[in-house]
Amino acid sequence: MNIEGSVALVTGANRGLGARLVERLLDAGARRVYATARDPRSVTATVSTDPRVNVLALDVTDQSSVDAAAKTATDVTMLVNNAGVLGFGGALDGDLDLFQRDVATNYVGLLRVSRAFVPVLTANAPGAIVNVLTLIALAPVGGMAGYCASKAAAHSATQSMRAELRGRGIEVIGAYPGGIDTDMLAGVDADKAAPEVVAERIITGVAAGRTVIWPDDASAGAGSVYSTDPLALEVMLAG
């Protein structure tokens with residue numbers, strides 16, 4: 001995927017990793033970036049004031065909102081599915097309403113946006129879908145059972161889309177970061193990568209043609225474990 005001159009749309013671009021992804025795309029020469037959020041007013045000024053940025057309302061859980069965005073952003077060549085939520089809780093005792101919210105956003109939302117933009121990407125091919133997943137889509141950690149399951153489903157959807165879009169000029173890329181130092185993990189005592197580092201490595205990986213991206217040191221190490229022994233990663237992350 002050639003970033004130079006591309007037109008990208010980033011979901012969940014109002015803060016954290018999403019805002020950093022917008023910045024890195026611009027640094028890499030994107031011609032236009034649609035920075036989307038449920039509330040466009042929440043998009044940080046450091047992103048929204050760049051003349052190449054179009055701030056756009058997009059709620060990944062609302063089909064009408066997604067359809068409206070796809071009708072507006074008809075020049076997109078790269079879709080970055082970054083929007084996500086996290087509800088804490090174990091598999092046996094967590095709040096199922098939170099788990100359903102995670103699935104609705106992290107899995108169904110990703111599918112909803114991808115389906116809406118595949119015709120756009122096909123018309124503008126070559127292009128790419130970049131799904132920001134997580135290392136714990138591959139093996140869960142304690143206390144995040146709903147989130148891990150929703151991201152595992154998104155990982156599976158990424159594989160399915162890759163197969164279904166093969167030969168249509170659309171690359172499907174999965175990025176699997178570990179913990180990131182953003183509001184989502186505020187209060188969680190764990191090693192976390194800087195969001196600007198994760199964003200830089202994701203965009204660099206996309207430009208280099210990688211299908212699977214491990215965008216921080218922790219995920220790179222764990223990814224190496226996963227590639228040789230998936231059960232070993234499960235045991236490692238379970239503590």
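Visitor: How many residues does the largest nonpolar core have, and which of them have the most contacts inside it?

Guide: This is a predicted model, in which local features need pLDDT of at least 70 and side-chain atom pairs count only at pLDDT 80 or more, whereas totals for chains, interfaces and linings use all residues. Residues are numbered from 1 along each chain as its sequence is written, and side-chain values use heavy atoms, with hydrogens and water left out. The largest nonpolar core has 39 residues, and L9, V76 and F117 are those with the most contacts inside it. At least two residues of this core come from each of β1 (7-10), α3, α4, α5 (145-164), β6 (170-175) and α8 (230-238), with α4 supplying the largest share, seven residues. Another core, of 32 residues, lies apart from it and includes I3, L21, A37 and V43.

Visitor: What makes a set of residues a nonpolar core, and which residues does V76 touch?

Guide: The set must consist of buried Ala, Val, Leu, Ile, Met, Phe, Trp, Tyr and Cys residues joined through side-chain atoms within 4.5 Å. V76 touches V7, L9, Y34, F117, V120, L121 and N124, not counting residues up to four places away in sequence; contact here means heavy atoms within 4.5 Å.

Visitor: Why is T11 called buried?

Guide: Buried means under 20% relative accessible area, exposed over 50%, and partly exposed in between, with a 1.4 Å probe and protein chains only. T11 has 2% relative accessibility and therefore counts as buried. T11 is placed in the loop between β1 and α1 (16-27), where the contacts of T11, leaving aside neighbours within four places in sequence, are T36, V60, V80, N81, N82, A83 and V113.

Visitor: How do you know on which side of α3 the buried residues S65, V66, A69 and A70 lie?

Guide: Helix α3 (residues 63-72) has S65, V66, A69 and A70 buried. They cover an arc of only 135 degrees around the axis, so they lie on the same side of α3; the arc is that of the directions from the helix axis to the C-beta atoms. The face turned away from that buried side carries the exposed residues S64 and K71, while the buried residues pack against β3 (53-57) and α4. Helices are DSSP runs of H or I with at least four residues, strands are runs of E with at least two, and both are numbered from the N terminus.
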